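Dear colleague,

Please find below the structure I promised to pass on to you, followed by my notes on what came out of going through it.

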Amino acid sequence: MSNKMHIKLKVNGKDEEFLADPRELLIYTLRERLNITGPHIGCETSHCGACTVTIDGKSVKACTMFVAQASGKEITTIEGIGGPDDLHPLQTAFKEHHGLQCGYCTPGMITRAAKLLEENPNPTEEEIRFGMAGNICRCTGYQNIIKSIQAAAAEMNAAKEAAE
Amino acid sequence: MKDEVTREDRVANLKGLGCSRKRVEDARFTQGKGNYVDDIKLDGMLFGDFVRSPYAHARIKSIDTAAALEVPGVLAVLTAADLEPLGLHWMPTLAGDKQMVLADGKVLFQGQEVAFVVAEDRYAAADGIEAVEVDYEELPVIVNPFEALKSDVVLREDLVAEDGSIPPGAHGPRKHHNHIFTWEAGDKGPTDEVIANAEVVAEESMYYHRTHPCPLETCGCVASMDKVNGKLTLWGTFQAPHAIRTIVSLISGIEEHNIRVISPDIGGGFGNKVGAYPGYVCSVVASIVTGKPVKWIEDRMDNLMTTAFARDYHMTGQISATKEGKITGLKCHVTADHGGFDACADPTKFPAGFMNICTGSYDIPTAYLEVDGVYTNKAPGGVSYRCSFRVTEAVYFIERMIEVLAIKLNMDAAELRRINFIRKEQFPYTAALGWEYDSGDYHTAWDKALKAVDYDGLRAEQAQRVEDFKAGKTRKLMGIGLSFFTEIVGAGPVKNCDILGLGMFDSCEIRIHPTGSAIARLGTISQGQGHATTFAQILASEIGLPADSITIEEGDTDTAPYGLGTYGSRSTPVAGAATAMAGRKIRAKAQMIAAYLLEVHDNDVEFDVDRFVVKGAPEKFKTMKEIAFAAYNQAIPGIEPGLEAVSYYDPPNMTYPFGAYICVMDIDVDTGVPEIRRFYALDDCGTRINPMIIEGQVHGGLTEALAVALGQEIAYDDMGNVKTGTLMDFFLPTAWEVPNYETDFTVTPSPHHPIGAKGVGESPHVGGVPCFSNAVQDAFRPFGNTHTNMPHDHWRIWRTANELGLHD
């Protein structure tokens, strides 16, 4: 008898349904089963944040969550945040302000930052530093990441104001 | 209305040298479309992983793989016995030693590779690893190099002759069975004499602790042997793909043309990805054995415990001076802990790297350096973590010795540096330990830095703080960290730099397309430095086509010209020079084509931004775009069709970037927490290609310096257990711990580099570590501190305060 579990997920707006071992980690589901390779693996211990995704409105590190724990939930990865035809302001700002170098932390970093700006559209530098402390970058020293997030926040707020 | 295109517009359109061009790499990275090695998925691909030793030193009595082979999904288990018939159970290291691929009778460090389990996926491989039974017999463990040199315990029986004698190693005679080499530079006798007769001598011993480059992406590869065509393709996190191809060919016997090595996007390297690791060899063998592609990816613990530690230098120094502070001599001895195998990634003739740059930025007439390499039961490696070969160690040593001497002389450390700097007019300057510094203007940089931070004001504030502390008004001390560094990068001239016999030149090949765009391929490989952006800028200025019309490609050995890769800040000094030189070949041919088209003599046209113009008649010109098309559609007498060039550049000398860093720090003596109030970094990397990217490199290098100085270490207990095997224990700073940095620059072009550039990626790490450390030490100077060892984590800072009686 199989001990596989019946999993249902909605990933970047698309319904997914499959059988998985109870021990299957969400990050492998995304990367290997669903070929969503934006989220990366950096530490397997929830420290680095390269695997950050959004699950039902919360930032989650996919390397330490079983896919079974995510069953029934909605997941957004970097691929669901913006693409070539609909770039998220953070994606534009990270390029504009040199907020990345090797790019390995970037998907998790932007996914987390998008969530942070939803929670707090006008963060201070200190709030950004605290809110991003779960995502490690080895290349940039964070200074330009902070700058990118501030620029995206300003851009998003201006767009919101213009729309109102 | 007339839209006149000015010369300035034409220059701006190129986005060439000096332009903060936005990076072309970023579109894919920001959208999650990077292509890193673990993103590679091939039909039928298997996954390999290691059984690793829990012991730091043990004999292997037996390995039983039977149960593992019964585990569902497990296809094969390789041990040294399986590799031995192929001659692959050991492999050469980059340092002239050899290293076990899989444990051959014993293990020498915790985490050492014992067996390789090949399975259908990672989970099955992990199950297989659990089922492999290894019977170990524990042996005495040595984790201290000084003990190793006294111990009867032989770590490397393979390096002792049958009669018990010690044959010489790759770098000369060995003094003891656990000794690897002695390497010397400078003059011992004269240095001893100068120091013995000096007016003032300062001495200090310091330990530059073991740490690890720890890029966010670990090492890994995918090996795919196509048995039909006899071709091996190897994707991997390789900082030197061509060198890996040659090594794989040499050890496997597969001819080099049948091996294609590809470095895809690399998630940071910092030196970790220079070496050749057992995982690469085992993946290749497993692919040959199974006939299927095999992937191997380290997890973080594998990475921190086994591949590529950095530093671990025990340094003792003497520095002599006149009473006025003029330095007369310097002596340095290093006991270097290399772990179980000597796998340091250094040019062959430099077993201690460029440690002999340890006279720093100072005009020191007499010096002597001696380095003893030693085996211990620790992981092999000894890579250059964000620095040229052992330059962080050298710069840390001299920048600490200067501070210690300043204390002895009761002198201001900034002034002591100033009166000893090599003067501008002394360049090119031959240092006492042999290097010829190409260029520098240290006084200008230092004065600019001191003025920028109001150095005198800071010292006055610090003196007041000490008074306030003594009066019980504050519990925070203030430290001012100074550092002035000279790097030696761009290895290197083939006459003295090679790795495994491969000269350390680099290369660039350019093809101009008929419609005036281009592709250039290089022997280097970006790991975040932005080569696709900056090399196109070098080329844009050289050949007059816009950077946006130039594709840069690296990392595929089937298409790129041979090069030695990216590390030691060598890409701009060596491959950047090759790029400029190849561009000049393009330009030379373009000049002939332009002259033909303009019906004048070759010498009657001259290059102007993006075109050739007839001298004295600027209205007569041909743009590079027009020339490119003509190269493909005109039959020009005496000129071959097409417009391509290749350059292999052997640099005449290293380049010597330098910089002045100042850190202002407040330290809470009761918690040991340092707070970085200000960090000013002035870098001189010669000609600046892309200021935005330079600044980004400086921020990143300083942050890695902060990590190393303030907490990051690979620590072992007495049993050889790694105590820092995850990111729980191994310190990587987050946004919360890192300050904002102020960057500044001067420009002293390299006189021998085609565009005057020197390299910058590693300078901030090299100069940053002593700057952060000096700030901590300086805070305690008024209370009698001369030196404490890094890393200055909260506990050690607290302990320093405690030992100085500041908690009484």
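Before the details, one definition is needed: helices are DSSP runs of H or I with at least four residues, strands are runs of E with at least two, and both are numbered from the N terminus. Please also bear in mind that this is a predicted model.

With that in hand, A308(B) is found in the loop between α10 (300-306) and β15 (309-321) of chain B. Although A308(B) is not a glycine, its phi is positive, near 65 degrees, and the residue is buried, since 29 other C-beta atoms lie within 10 Å of its own, where 20 or more are enough to count as buried. V609(B), in the loop between β27 (605-608) and β28 (611-614) of chain B, is another residue other than glycine with a positive phi, here near 60 degrees. V609(B), however, is partly exposed, with 19 other C-beta atoms within 10 Å.

Two cis peptide bonds may also interest you. One runs from F427(B) to P428(B), with omega near -5 degrees, and P428(B) belongs to the loop between α12 (413-420) and β19 (429-430) of chain B. Another joins M790(B) and P791(B), with omega about -10 degrees, and P791(B) sits in the loop that links α19 (763-780) and α20 (794-803) of chain B.

As for the chain as a whole, chain B contains 20 helices and 33 strands. Its radius of gyration is 28 Å, close to the 28 Å that the globule rule gives for 808 residues, so chain B is as compact as a globular protein of that length. The C-alpha trace of chain B spans about 85 × 75 × 50 Å along its principal axes, and 59% of the 808 residues count as buried.

An unreviewed UniProt entry annotates residues 31-140 of chain B as "domain: Aldehyde oxidase/xanthine dehydrogenase a/b hammerhead". Over residues 31-140, chain B is 17% helix and 36% strand, and the end C-alpha atoms lie 52 Å apart.

Finally, the contact between the chains takes 41 residues from chain B and 45 residues from chain A. On the side of chain B that touches chain A, the elements giving two or more residues are α2 (26-30) and α18 (691-710), and α18(B) supplies the largest share, six residues. The residues on that side of chain B comprise 16 nonpolar, 15 polar and 10 charged.

With best wishes

Note on methods
Residues numbered from 1 in each chain as written. Chains lettered and ligands numbered in written order. Predicted model: local features only at pLDDT ≥ 70, side-chain atom pairs only at ≥ 80, totals over all residues. Contact = placed C-beta atoms within 7 Å. Nonpolar A, V, L, I, M, F, W, Y, C, P; charged D, E, K, R; others polar. UniProt positions renumbered as here; feature names shortened; annotations may be inferred. Rg over C-alpha atoms; globule rule 2.2 N^0.38 Å. Buried ≥ 20, exposed ≤ 12 C-beta atoms within 10 Å, placed from the backbone.
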